[in-house]
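Student: Could you walk me through how to read this model, feature by feature? I would like the general idea and then the case at hand.

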Amino acid sequence: MFETTRYEASRRVRGTAILTIAISLYAAFIVWYFTILEGVDYEAVFESMPPAMIEAFGIEALATIGGFLGTQIYNFVWLLGLGLYFAYAAGGLIAGDIEHERMDLLLSFPVSRSRLLVEKTLSLLLPLVTLNVVVGAVIYVLVQAIGESIDPMYLVLAHALSIPYLLVCIAIGVVLSVLVDRAAIAERAAIGLIFVLFLVESVVGGASEFEWIQYVSPTYYYDPTPILIDGSYELLDTGVLLVAFVVLLLVGQVLFQRRDI
Amino acid sequence: MATIEVTDLTKNYGSVLGVDSVSFSVEQGEIFGFLGPNGAGKTTTIRTLLGLLAPTDGTATVLGADVRDDGEFIDAKRRIGYLPAQLGFNEEVTGEQVLDYHASVKGDRRREELLEIFTPPVERPIREFSTGNERMLGIVQAFMHDPELVIMDEPTAGLDPLKQEEFNEFVRGERERGTTIFFSSHVLSEVRRVCDRVGILRNGELVGLEDIETLLDQGGKRVQVETTDDLESSLPALDGVVDVNSFADGVQFIYTGEYNTLLRELASHDIREIEISEPPLEDVFMHYYGDDESTRANQEVESNV
């Protein structure tokens with residue numbers, strides 16, 4: 001069981017390590033930056049920003065460490081950066097193997113197509129879990145180190161609830177990956193789609209007439225800043241994300257089952 | 001039941017017809033060669049047999065399993081080895097890692113034994129492999145779980161002549177062990193040396209299904225001769241001379257008759273240069289399996305050589 005997951009995950013070890021270190025360094029920079037920003041009048045900063053921008057990057061309560069991290073790290077790196085990264089990585093999962101004609105051999109294995117797809121998708125759990133656990137721990141330690149305090153439960157929640165969101169990004173990439181024959185196209189399409197969904201949610205959020213459009217975007221269902229400030233979240237949102245993940249993955253399965261390689 | 005049973009198999013790629021109503025069967029323990037020029041539909045047939053392509057029409061069973069049924073086919077796949085035309089192993093992993101992965105999925109009872117015959121540098125990353133090394137790694141993975149049936153698409157492409165010969169020897173040994181082997185090739189001489197039976201595919205259609213002896217008799221030789229006197233005018237008198245083409249200093253033809261007769265005739269001329277060789281595959285097809293579009297295809301084959 002899970003031979004393909006193990007093999008694919010082993011190929012991701014290096015990339016995962018590099019990404020984890022890079023994001024940890026970025027987090028360290030942000031935490032340090034918070035210490036030198038103490039005393040800035042944030043009310044004035046808010047007033048100078050367009051409401052759409054505040055909405056887009058969840059800029060609220062910048063004066064607290066929770067709010068600051070939420071804006072500078074979680075909205076920026078988790079919601080947008082990692083969303084794009086996982087959609088991109090998933091976009092290459094199947095299309096890359098088809099493009100390089102590796103899929104011929106993989107499908108000669110005594111393994112069903114659906115299991116192969118699931119196993120390959122599962123290999124992305126390595127970076128997904130590692131990033132959340134390691135960077136989460138690093139941030140907690142750093143916050144302690146500058147003499148601030150953040151509820152560890154809030155931090156755990158912010159990370160845990162990002163997983164269903166990132167799974168949806170992965171599933172979007174997977175669907176695109178089984179649809180096309182070239183990795184570069186699937187990867188770019190996945191990145192483009194996640195970015196558009198992110199923008200749509202941010203921009204339309206304010207306009208009441210088209211408010212419904214924001215519900216299409218997975219970014220609507222994961223909002224890390226309130227979690228970090230006071231631990232508030234909607235379990236329903238997480239449910240929506242998990243259902244979307246399963247549905248998209250099933251769509252990917254059906255498409256992969258039926259296609260010629 | 002036959003190891004491979006193909007009935008009226010058709011694969012239509014929308015605008016292009018891949019294979020058209022092909023039927024044949026491969027019996028257990030047989031080495032079956034699938035012969036045809038590039039683009040004849042060999043790869044399409046093979047990929048359909050492995051369930052990669054869904055047939056537009058017709059059926060195929062491999063080791064008793066319907067290739068259209070992903071679930072049913074899984075058990076049969078345990079007993080199949082496959083060497084695709086393009087291997088496409090991940091570039092950054094080593095040969096060892098590739099084999100470990102394949103072993104974890106399907107087993108590797110014969111790995112060491114095979115690595116003694118075929119010698120890819122398994123400790124190096126695939127990116128540093130030559131085409132021949134990659135092919136040898138492909139051969140190892142195809143046979144290492146000791147399958148009942150091995151399907152290979154142009155197995156010797158990229159192998160140097162010495163390794164090709166070792167491969168042919170190996171394949172003959174596999175027949176002794178009872179393995180059924182199905183492989184495609186566009187090289188007649190290779191197929192002749194190892195196969196029991198041959199299916200000939202051309203423009204997506206199976207144009208011949210022959211015992212190897214029959215094919216050997218029909219193949220003929222290509223003769224190129226340069227003479228100081230006129231040979232061409234005496235050629236029509238000889239039995240088995242076909243496809244005569246004259247060029248600057250001499251003449252070329254395919255000879256399918258009795259060798260001594262030809263040699264006696266040649267001995268009566270003043271020969272400056274002579275070459276007797278295997279005819280290109282297309283020439284064989286042209287004379288024995290009909291002649292549409294063959295001139296163009298012939299030129300393609302020549303340019304490949």
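**Reading sheets, helices and a chain contact**

Tutor: Keep in mind that the model is predicted. Let us begin with a strand pair: in chain B, strand 1 (residues 4-13) and strand 2 run antiparallel and are joined by seven bridges. Within this pairing, Y13(B) stands opposite V16(B) of strand 2 of chain B.

Student: What holds the strands of a sheet together in general, and what is the strand order of the open sheet of four strands in chain B?

Tutor: In general, the strands of a sheet pair through backbone hydrogen bonds, and the pairing may be parallel or antiparallel. Here the open sheet of chain B has the order 2-1-4-5, and its pairing is antiparallel. The edges are formed by strand 2 (16-26) and strand 5 (65-66) of chain B, each of which pairs on one side only.

Student: Which strands of chain B does helix 1 lie across?

Tutor: Helix 1 (residues 42-49) of chain B lies across strand 1, strand 2 and strand 4 (57-62) of chain B, and the helix runs at about 115 degrees to strand 1 of chain B.

Student: Is helix 1 of chain B mostly covered or mostly open?

Tutor: Helix 1 of chain B is mostly covered, since eight of its eight residues are buried. Just after helix 1 of chain B comes G51(B), which takes a positive phi of about 75 degrees.

Student: Which strands does strand 11 of chain B pair with?

Tutor: Strand 11 (residues 221-227) of chain B pairs with strand 13 (residues 250-255) of chain B in the antiparallel sense, over six bridges, and V225(B) stands opposite V251(B) in strand 13 of chain B. Strand 11 of chain B also pairs with strand 14 (residues 271-277) of chain B, again antiparallel and over six bridges, and here Q224(B) has E275(B) of strand 14 of chain B as its bridge partner.

Student: How many helices and strands are there in chain B, and what share of its residues is buried?

Tutor: Chain B has eleven helices and 14 strands, and buried residues make up 42% of its 305 residues. Of the contacts in chain B between residues at least 6 apart in sequence, 66% join residues at least 24 apart.

Student: Where does the record place transmembrane regions in chain A?

Tutor: The unreviewed UniProt entry places the feature "transmembrane region" at several stretches of chain A, among them residues 12-34 and 235-256. In the model, residues 12-34 of chain A are 100% helix, with end C-alpha atoms 33 Å apart, while residues 235-256 of chain A are also 100% helix, with end C-alpha atoms 32 Å apart.

Terms used: Residues are numbered from 1 along each chain as its sequence is written. Chains are lettered from A and ligands numbered from 1 in the order in which they are written. This is a predicted model: local features need pLDDT of at least 70, side-chain atom pairs count only at pLDDT 80 or more; totals for chains, interfaces and linings use all residues. Two strands pair if DSSP finds at least two bridges between them. Helices (H or I, at least four residues) and strands (E, at least two) are DSSP runs, numbered from the N terminus. Two residues are in contact if their C-beta atoms, placed from the backbone, lie within 7 Å. Axes are lines fitted to C-alpha atoms, for helices over the stretch in contact, and angles run from 0 to 180 degrees between N-to-C directions. A residue is buried if 20 or more other C-beta atoms lie within 10 Å of its own, exposed if 12 or fewer, and partly exposed in between; C-beta atoms are placed from the backbone. UniProt positions are given in the numbering used here, feature names are shortened, and annotations may be inferred rather than shown by experiment.
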